[in-house]
Amino acid sequence: MKIDLEFTLKNNIIPMEYHSFIVSFFKKALELSDQELYQKLYQDGKTQMKSFTYSVFFDKPQFLKDQIILGTKKIIIHLSDYDIQNALYFANAFRTFENQKITFPLNNNEMKLTKIMTSPMESLTEDNIIIQMTSPLIVRNHDKETNKDIYLIYQDDEFEKILKQNIQNAIQKLGYSIFIGDFQITPLKNKKTVVKLYQHTMNASLGLFQLKGNQELLDFLWKAGMGSHRSSGFGNFKIIK
């Protein structure tokens, strides 16, 4: 299921590290209307794997060092969730937030939810697709011995191997039985980007990829996102072909 959220801003300047504010908005919306899901996703004392991802659309953005200047005082969030039930709960939470006409802080700005649109996402029937990343793809290799993270991009030798590990980890922690052994990703037209999340700087990839794999796996990736930090606004893509 896909949920599109349109927000009106107090001004047209937002922080470069806007992801944490959007995650806080999700938390607040659930806290106000669905305590059970809020506790399940965010309040059990440890990080929970989540089945959703999102991307943010800006109108004519100018990216500066610590902030983004927008062409209009609006942003649109595109959220998708592999778990249809959770998506419905999210949609209801967002409607409650909208009905209460609450403004939400965005650093030195404010955002007000003004429009909600929901639409179904049909099951994929293809095993070979071309995609365009709508939010950066983060591929995280965690070294248990040093407890350090290395972030790989499309040019790195172990990019596909570590991405498959990221995907397998998400599937296992979510409790699904989805086969990933035949998964392949081929860079087509890509570029490196550097993103910040909670004061951490990470290398990431944008652009076009070809994905091959079984239909169930590709369907999961389309709806839940691909790679690391999906629920913080990374790994979202649209299907080009």
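Which residue in S8 is the bridge partner of Pro105? In this predicted model, the partner of Pro105 is Glu110.

**Strand S8 and its partners**

S7 and S8 form a hairpin with four residues between the strands, and within this hairpin Asn107 adopts a positive phi near 60°. S8 (residues 110-119) also pairs with strand S1 (residues 2-9), in the antiparallel sense and over eight bridges. In that pairing, Phe7 stands opposite Leu113 of S8.

Ile116 is a further residue of strand S8. Its relative accessible area is 18%, which falls under the 20% limit, so Ile116 is classed as buried. Leaving aside residues up to four places away in sequence, Ile116 touches Ile3, Asp4 and Leu5, and also Phe94, Arg95 and Glu98. Ile116 and Glu158 are 42 residues apart along the chain, and their C-alpha atoms are separated by 40 Å.

**The S12 and S13 hairpin**

Strand S12 (residues 184-197) pairs with S13 over 13 bridges, again in the antiparallel sense. Pro187 has Phe209 in S13 as its bridge partner. Two residues lie between S12 and S13 in their hairpin, and Tyr198 in the turn has a positive phi of about 50°.

Gln210 is located in strand S13. Its side chain forms a polar contact of 3.0 Å with the side chain of Asn128. With residues up to four places away in sequence not counted, Gln210 touches Asn128, Ile129 and Ile130, together with Gln184, Ile185, Thr186 and Leu188.

**A three-stranded open sheet**

Another set of strands forms an open sheet of three, in the order S2-S5-S4 and with antiparallel pairing. Strand S2 (13-15) and strand S4 (62-63) are the edge strands, each pairing on one side only. S4 and strand S5 (residues 67-69) are joined by two bridges and run antiparallel. Across this pairing, Gln62 stands opposite Ile69 in S5.

| Strand pair | Bridges | Sense |
|---|---|---|
| S1 and S8 | eight | antiparallel |
| S12 and S13 | 13 | antiparallel |
| S4 and S5 | two | antiparallel |

**Packing of helices H4 and H5**

Two packed helices are described by the angle between their axes and the distance between the axes. Helix H4 (residues 159-174) packs with H5 at an angle of about 90°, and the axes are 12 Å apart. Angles of 65 to 115 degrees count as roughly perpendicular, and H4 and H5 are therefore assigned to that class. From H4, the residues Ile167, Ile171 and Leu174 meet Leu217, Phe220 and Leu221 of H5. By class, this contact of H4 with H5 comprises six nonpolar residues, with no polar and no charged ones.

Is Asn214 buried or exposed? Asn214 counts as buried, because its relative accessibility is 19% and the limit is 20%. Asn214 occupies the loop between strand S13 (200-212) and helix H5 (215-224). The side chain of Asn214 reaches the backbone nitrogen of Glu216 at 3.2 Å. Apart from residues up to four places away in sequence, Asn214 touches Ile178, Phe179 and Asp182.

**Positive phi values in two further loops**

Most residues other than glycine have a negative phi. Lys101, a residue other than glycine, has a positive phi near 55°. Lys101 is placed in the loop between helix H3 (84-99) and S7. The relative accessible area of Lys101 is 62%, over the 50% limit, and Lys101 is therefore exposed.

His229 likewise is a residue other than glycine with a positive phi, here near 60°. The loop that holds His229 runs between H5 and strand S14 (237-239). At a relative accessible area of 30%, His229 is partly exposed.

Notes
Residues are numbered from 1 along each chain as its sequence is written. This is a predicted model: local features need pLDDT of at least 70, side-chain atom pairs count only at pLDDT 80 or more; totals for chains, interfaces and linings use all residues. Side-chain values use heavy atoms; hydrogens and water are left out. Buried means under 20% relative accessible area, exposed over 50%, partly exposed in between (1.4 Å probe, protein chains only). A polar contact is a pair of N or O atoms within 3.5 Å; within protein, one must be able to donate a hydrogen and the other to accept it, and residues adjacent in sequence count only if both atoms are side-chain atoms. Contact means heavy atoms within 4.5 Å. Two strands pair if DSSP finds at least two bridges between them. Axes are lines fitted to C-alpha atoms, for helices over the stretch in contact, and angles run from 0 to 180 degrees between N-to-C directions. Angles under 35 degrees count as roughly parallel, over 145 as roughly antiparallel, 65 to 115 as roughly perpendicular and the rest as oblique. Ala, Val, Leu, Ile, Met, Phe, Trp, Tyr, Cys and Pro count as nonpolar, Asp, Glu, Lys and Arg as charged, and the others, Gly among them, as polar.
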